[in-house]
Amino acid sequence: MLNKELIKVLSKIYRYENSKYDPEKKIDVYRHTDQLAPQQQEHLEASNFEPNRITKYEHNEVVNELKNIIENHNLEYMVSNLFIKAVGAGFNRGIQPIFSYYFAKNMPLHDFKPCSANVLEQNNVCRVCGIQDTVWSNDSKNLYDLYIGYCRFGGYSEILLDLKEILTFEGVIATDDEKNTFLEVLDIIEKAPRDETPSGLLKRLSKERCLPKSNNISRTWIVKCMAELGILRNSYDNDYSIMNAFVPYEQKLEWELNIHKSSLPRADVEFPISSWQGELGINRALANKIIDNASK
Ligand SMILES: [Zn+2]
C-alpha cells in the first residue's frame, strides 16, 4: 500500500505540466527528476516506486487474469470492507475495488469481440466488456489515481491493476463506527427531494459534511460507484447492479446515447449515475449485502 507521504510526492509529479504524450503508445509519461525538493526525491527513491511503469495489456489475457483473480475467496470480504472504509472514513483507495471485483466476477469468460461499426467507430474496443484489444497503460499514474479516489468503472486495464494490488493489502477491516457512518450516509441520500439530480445530491452531501475526509473527487466517485452497485437506482433498469449481473458494454453505450438525447447539449452523460433522480431512491438490500459481506 502506498503511504500518505509518497502520495503527496506523487501529486507533485502527476501534473499536466510534467506530462509528455507518447503518440506511439498513446499514453502520458511524467518527468520526475527536477521538480521535487531533495527530501521528496529521497522519499521517492527510498520507496522504490517507479513513476512511469508502462505495461502492455491484451484483451484476452486481461479477461483470463480477471477470471483467475476472483477465485480468491477472500476478495469479496476485502472489497466490501474497503468500500465501507471509503465511505465511512475517507479511505479513497477503497472506492474502486468493489466495482472491479463484481465486474470481473459477473463478466462472462470470452474472447475479444469488436463493437459493431454503427455503434462505435473504434474497432479495437470489445463489445462485451469494453476492454481494448491491445492497450498500453502507465500503471504508476493509474495507481496514483486510484489512491486519490479517481476511479474507472468499465472495461479498463485499471480493473486488473486494482485487484492485483489489493490482494497484497492486509488487515483492512471496517470498524463498527465506519459501518454506522456508511448507513447514516444512506439515510441522508434517502431524504432526497423527488426531483434531486446527481449534481444536487453531491452538493447536499458536501453541505451535510457526512462523508468524513472527503473532497469533490472522492464524493463524485463514491456516488458513481453507488449507482454502479445499484444502491442508487436508475430509470433504465430497476434491478441494475454490477453485484448481480453484467451489462454488456454495447448495452450501456446504447443507454448513454439515449440519455444524451434527452439532456442539455453539453451535459456530461454517464450511465448509470446520470439516470438517477431523488424519487428513485436507494436499494437498502444491496447496501445491507455489502455490510454482511464485510462481516463474514
Ligand atoms: Zn471483452
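The following conversation works through a predicted model of a protein, setting values against the definitions behind the words used for them.

Trainee: What makes the protein as compact as a globular protein of its length?

Mentor: The secondary structure of the protein comes to twelve helices and four strands. Its radius of gyration is 19 Å, and the globule rule gives 19 Å for 296 residues, so the protein is as compact as a globular protein of that length. The C-alpha trace spans about 55 × 50 × 40 Å along its principal axes.

Trainee: What share of the residues is buried, and what share of the contacts between residues at least 6 apart in sequence joins residues at least 24 apart?

Mentor: Buried residues account for 38% of the 296 residues, and 71% of those contacts join residues at least 24 apart.

Trainee: Why is Pro272 called buried?

Mentor: A residue is buried if 20 or more other C-beta atoms lie within 10 Å of its own, and Pro272 has 28 such neighbours, so Pro272 counts as buried. Pro272 sits in the loop between α11 (249–261) and α12 (284–295), and, leaving aside residues up to four places away in sequence, Pro272 touches Ala227, Glu228, Asn234 and Tyr240.

Trainee: How do you know that the peptide bond between Phe271 and Pro272 deserves a remark?

Mentor: Most peptide bonds are trans. The bond that joins Phe271 and Pro272, however, is cis, with an omega of about 5 degrees.

Trainee: Why is Asp145 called partly exposed?

Mentor: The word applies between the two cut-offs, where buried needs 20 or more neighbours and exposed needs 12 or fewer. Asp145 has 19 other C-beta atoms within 10 Å, and is therefore partly exposed.

Trainee: Which residues of helix α6 are buried, and what covers them?

Mentor: In α6, which runs over residues 139–147, the buried residues are Asp139, Ser140, Lys141, Tyr144, Leu146 and Tyr147. The elements that cover them include α1 (4–13), β2 (27–30), β3 (54–58), α5 (96–106), β4 (134–138) and α7 (157–166). Just after α6 comes Gly149, with a positive phi of about 95 degrees.

Trainee: Why is α4 called roughly antiparallel to α5?

Mentor: The axes of α4 (residues 75–89) and α5 come within 7 Å and cross at roughly 150 degrees. Angles over 145 degrees count as roughly antiparallel, and that makes α4 roughly antiparallel to α5. The crossing of these two helices is left-handed. On the side of α4 the contact is made by Leu75, Glu76, Val79, Ser80, Leu82 and Phe83, and on the side of α5 by Pro97, Ile98 and Tyr101. Sorted by class, the contact has seven nonpolar, one polar and one charged residues.

Trainee: At what angle do α3 and α7 pack, and which residues meet there?

Mentor: Helix α3 (residues 59–69) and α7 pack at an angle of about 30 degrees, and their axes are 10 Å apart. This crossing is left-handed. Val62, Glu65, Leu66 and Ile69 of α3 meet Ser157, Ile159, Leu160 and Leu163 of α7, and by class this contact has six nonpolar, one polar and one charged residues.

Key: Residues are numbered from 1 along each chain as its sequence is written. This is a predicted model: local features need pLDDT of at least 70, side-chain atom pairs count only at pLDDT 80 or more; totals for chains, interfaces and linings use all residues. Two residues are in contact if their C-beta atoms, placed from the backbone, lie within 7 Å. Axes are lines fitted to C-alpha atoms, for helices over the stretch in contact, and angles run from 0 to 180 degrees between N-to-C directions. Angles under 35 degrees count as roughly parallel, over 145 as roughly antiparallel, 65 to 115 as roughly perpendicular and the rest as oblique. A crossing is left-handed if the near helix is turned anticlockwise from the far one by less than a right angle, and right-handed if clockwise. Ala, Val, Leu, Ile, Met, Phe, Trp, Tyr, Cys and Pro count as nonpolar, Asp, Glu, Lys and Arg as charged, and the others, Gly among them, as polar. The radius of gyration is taken over C-alpha atoms; the globule rule is 2.2 Å times the number of residues to the power 0.38.
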